[in-house]
Amino acid sequence: IAENADFVAGERVSKTNQYTKYRRFASRLFRVFLPRKLRDVNDTQCGFKLFRRDRAISIFSHLHTGRWVFDVEIFLVALENNFRIMRVPVSIRPELIQNGRLRFFLNGFQIILDLMRIGHYDRKGNYKIS
């Protein structure tokens with residue numbers, strides 16, 4: 001199936017609620033600052049991603065940020081350049097969930113600033129591959 005895709009991304013699915021209220025609140029706030037093009041992407045932050053080699057080189061050479069929000073840029077580059085994205089459902093075992101890696105008050109401000117920078121770069125057309 002994936003041979004027709006340029007980029008395969010996991011999308012977390014769960015029959016049970018795996019995250020705390022705090023984590024769900026942070027997720028909703030994160031979505032408010034996403035560029036409009038990505039509002040229909042349900043899960044940009046899932047760690048499962050596979051790329052065709054040439055597409056990976058193209059995508060990663062157009063990233064401007066790092067840490068938590070680089071996934072947003074990956075999707076922007078892929079969408080802006082009409083790459084074929086395949087979403088696959090993934091399930092995370094509860095014992096593998098690492099709560100507490102992200103501290104909203106310590107890291108949240110930087111994340112919001114990075115998302116605003118991404119919006120600026122997107123408006124300037126920085127994610128279009130020439």
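The questions below ask how terms are applied to this predicted model. Residues are numbered from 1 along each chain as its sequence is written, side-chain values use heavy atoms, and hydrogens and water are left out. In this predicted model, local features need pLDDT of at least 70 and side-chain atom pairs count only at pLDDT 80 or more, while totals for chains, interfaces and linings use all residues.

Q: What makes up the chain, and in which order do the elements run?
A: The chain has four helices and three strands, where helices are DSSP runs of H or I with at least four residues, strands are runs of E with at least two, and both are numbered from the N terminus. The order from the N terminus is β-α-β-α-α-β-α.

Q: Why is Thr-65 called buried?
A: Buried means under 20% relative accessible area, exposed means over 50%, and partly exposed is in between (1.4 Å probe, protein chains only). Thr-65 has a relative accessible area of 13%, so Thr-65 counts as buried. Thr-65 belongs to the loop between H2 and H3.

Q: What makes the pair of Thr-65 and Glu-73 a polar contact?
A: A polar contact is a pair of N or O atoms within 3.5 Å; within protein, one must be able to donate a hydrogen and the other to accept it, and residues adjacent in sequence count only if both atoms are side-chain atoms. The side chains of Thr-65 and Glu-73 are joined at 2.6 Å, so the distance is within the cut-off.

Q: How do you know that the buried residues of H2 line one face?
A: Helix H2 spans residues 53-60, and its buried residues are Ala-56, Ser-58 and Ile-59. Seen down the axis of H2, these residues fall within an arc of 165°, so they line one face of the helix; the arc is that of the directions from the helix axis to the C-beta atoms. Arg-53 and Ile-57 are exposed on the other side of H2.

Q: Why is H3 described as mostly covered?
A: Eight of the 11 residues of H3 are buried. Among them are Val-72, Ile-74 and Leu-76. Helix H3 (70-80) is also part of what covers the buried residues of H2, as is strand S2 (49-51).

Q: What makes Arg-55 and Asp-6 a salt bridge?
A: A salt bridge is a side-chain nitrogen of Lys or Arg within 4 Å of a carboxyl oxygen of Asp or Glu. The closest N and O atoms of Arg-55 and Asp-6 are 3.2 Å apart, so the pair qualifies. Arg-55 in helix H2 and Asp-6 in the segment before strand S1 (7-12) are 49 residues apart.

Q: Are the two partners, Arg-55 and Asp-6, buried or partly exposed?
A: Asp-6 is buried, with a relative accessible area of 2%. Arg-55 is partly exposed, at 23%.

Q: What links Asp-6 to Arg-84?
A: Their side chains meet in a salt bridge of 3.0 Å, N to O. Arg-84 lies in the loop between H3 and strand S3 (85-90), 78 residues apart from Asp-6.

Technical notes
Contact = heavy atoms within 4.5 Å.
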